[in-house]
Structures are given as structure tokens and as C-alpha cells.
Amino acid sequence: MSRFSLLAVAFASAATLLSAQDAPPAEVMTKGQQVYMQVCFACHQPTGLGLPGMFPPLASSDWASAQKPDRLIRMVLHGVTGPITLNGKPFTTPAPIMPPQGAALNDDQIASVLTYVRNSFGNKGSTVTADQVKTIREAEKARAAMWTQAELDKIPVN
Ligand code: HEC
């Protein structure tokens with residue numbers, strides 16, 4: 001390999017690294033915030049802090065900032081039920097149910113709202129694409145039940 005192409009490779013990988021950490025496009029964040037303020041805010045609150053003992057916070061949440069969004073997409077599509085741990089501690093609520101949104105929200109809306117959540121409230125995560133949501137919606141199309149943490153734990157996020 002010539003010195004020039006080595007340099008080109010170095011530049012290309014630096015660019016990939018940079019873009020992986022870039023802030024998501026503003027229009028995606030705006031769209032995501034709109035969906036958040038229609039659907040998620042009622043429980044997780046506009047601040048993303050949730051309600052103690054009732055709804056878990058999305059701020060500084062290990063779920064929200066996971067490297068890959070594969071669990072988050074499934075949670076929004078089909079909902080979640082049963083006890084969960086958050087940042088390594090049990091989150092206790094008398095109503096451990098997050099309702100499914102797969103019928104109400106399209107792939108683009110789910111991608112935007114998750115991008116918003118992953119890049120708000122102090123979180124920093126990759127942009128979620130409508131294609132990622134579409135692929136998981138297709139892969140899980142036989143599913144009707146809400147997810148439990150035991151099942152979600154089997155979905156890799158690294
Ligand atoms: C009706 C209330 C409700 C709505 C609406 C709701 N959630 Fe939740 N959410 C919950 C509850 C309750 C849990 C914990 C579920 C459990 O304990 O099984 C949860 C858990 C979560 C978690 C994992 C725990 C954490 O705090 O990080 C994420 C991420 C999440 N919700 C994101 C969302 C997003 C994004 C939306 C909107 C698309 C949304 N939720 C809508 C109630 C809700």
C-alpha cells in the first residue's frame with residue numbers, strides 16, 4: 001500500500017469514528033421530541049426524570065444509552081412488563097408495565113423518538129434509523145407479548 005492510500009485509510013477511519021459520535025441531525029431531534037411529548041412524557045416526564053417509585057428515569061439510564069438500540073426498539077414496539085433493573089439496581093413500581101407502541105408509531109417515529117431519548121437528558125448514544133426499526137419489527141412480527149427483562153437480556157447491545 002502506498003503512503004497516500006495508508007493516509008486515506010487513516011482519514012477514513014477517523015471520519016467514521018467522528019461521525020459515530022456526532023450529534024444527530026437537528027430535524028431528527030425535533031421530530032423525536034414531538035413524539036416524546038405525545039407519547040412518552042406522560043410517564044417519563046418532559047424532563048426525562050420519570051416519577052420516583054412509579055416511572056423510571058430515562059436520564060442517565062443504562063437502557064437508554066446502550067451501545068446498540070436493539071433492546072430499546074423492541075421495548076417501544078411491544079412494551080415491557082415485570083421487574084427491571086436500572087443502572088444495576090432494581091426499579092420498584094406498583095405498575096411495572098410500559099404499553100406497546102408498535103401499532104401507534106411508524107418506524108420513522110420510533111427511530112426519531114429513540115434518537116431523541118438517546119441524546120437528551122444527559123444521554124449520549126448513536127442515532128437510530130428507521131431501517132433498524134423496520135428490520136426488528138419484521139424479525140419480531142410473530143410476537144404479541146410484552147418483553148420481560150429476562151428476555152431482553154438475551155438481545156445483545158454491544
Ligand atoms: C404508560 C406509561 C409509559 C409510557 C407512555 C412510556 N413508558 Fe417507558 N416505561 C414505563 C414503565 C413503567 C417502565 C418500567 C417497566 C417495567 O418495570 O417493567 C418503562 C421503562 C422504559 C425504559 C427502560 C428503563 C429506563 O428508565 O431507561 C425505557 C428506555 C423507556 N421506558 C422508554 C420509553 C419511551 C421512548 C417511550 C415513548 C415512546 C415510553 N417509554 C413510554 C412507562 C411508560
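This is a predicted model: local features need pLDDT of at least 70, side-chain atom pairs count only at pLDDT 80 or more; totals for chains, interfaces and linings use all residues.

Reader: Okay, and how many residues of helix 3 are buried?

Author: Helix 3 is mostly covered, with 8 of its 9 residues buried. Those are Arg71, Leu72, Ile73, Arg74, Met75, Val76, Leu77 and His78.

Reader: What comes just after helix 3?

Author: That is Gly79, which takes a positive phi of about 85°.

Reader: Back to the packing. At what angle do the axes of helix 3 and helix 5 cross?

Author: They cross at roughly 65°, and the two axes come within 10 Å. The crossing is right-handed.

Reader: Which residues meet there, between helix 3 and helix 5?

Author: From helix 3 you have Asp70, Ile73, Arg74 and Leu77, and they meet Gln132, Val133, Ile136 and Arg137 of helix 5. Sorted by class, this contact has 4 nonpolar, 1 polar and 3 charged residues.

Reader: Nice. New topic: how many residues does the largest nonpolar core have?

Author: The largest nonpolar core has 24 residues. Ile73, Val76, Ile110, Val113, Leu114 and Val117 have the most contacts inside it. At least two residues of this core come from each of helix 2, helix 3, helix 4 and helix 5.

Reader: And which helix gives the largest share of this core?

Author: Helix 4 does, with 6 residues.

Reader: You mentioned Val113. What does Val113 touch?

Author: Leaving out residues up to four places away in sequence, Val113 touches Gly32, Val35, Tyr36 and Cys40.

Reader: Let's move to the ligand. How many residues surround the ligand, and which are the closest?

Author: There are 30 residues around the ligand, and the closest are Cys40, Cys43, Pro56, Ser61 and Met98. Cys40 is also one of the residues that Val113 touches.

Reader: Which elements give two or more residues to that shell?

Author: They are helix 2 (26-44), helix 3 (70-78), strand 1 (80-81), strand 2 (84-86), strand 4 (97-98) and helix 4 (107-118). Helix 2 gives the most, with 5 residues.

Reader: Last one: how do the residues of the shell divide into nonpolar, polar and charged?

Author: The shell has 24 nonpolar and 6 polar residues, and no charged ones.

Methods:
Residues are numbered from 1 along each chain as its sequence is written. A residue is near a molecule or strand if its C-beta atom, placed from the backbone, lies within 6 Å of it. Helices (H or I, at least four residues) and strands (E, at least two) are DSSP runs, numbered from the N terminus. Ala, Val, Leu, Ile, Met, Phe, Trp, Tyr, Cys and Pro count as nonpolar, Asp, Glu, Lys and Arg as charged, and the others, Gly among them, as polar. A nonpolar core is a set of buried Ala, Val, Leu, Ile, Met, Phe, Trp, Tyr and Cys residues joined through C-beta atoms within 7 Å. A residue is buried if 20 or more other C-beta atoms lie within 10 Å of its own, exposed if 12 or fewer, and partly exposed in between; C-beta atoms are placed from the backbone. Two residues are in contact if their C-beta atoms, placed from the backbone, lie within 7 Å. Axes are lines fitted to C-alpha atoms, for helices over the stretch in contact, and angles run from 0 to 180 degrees between N-to-C directions. A crossing is left-handed if the near helix is turned anticlockwise from the far one by less than a right angle, and right-handed if clockwise.
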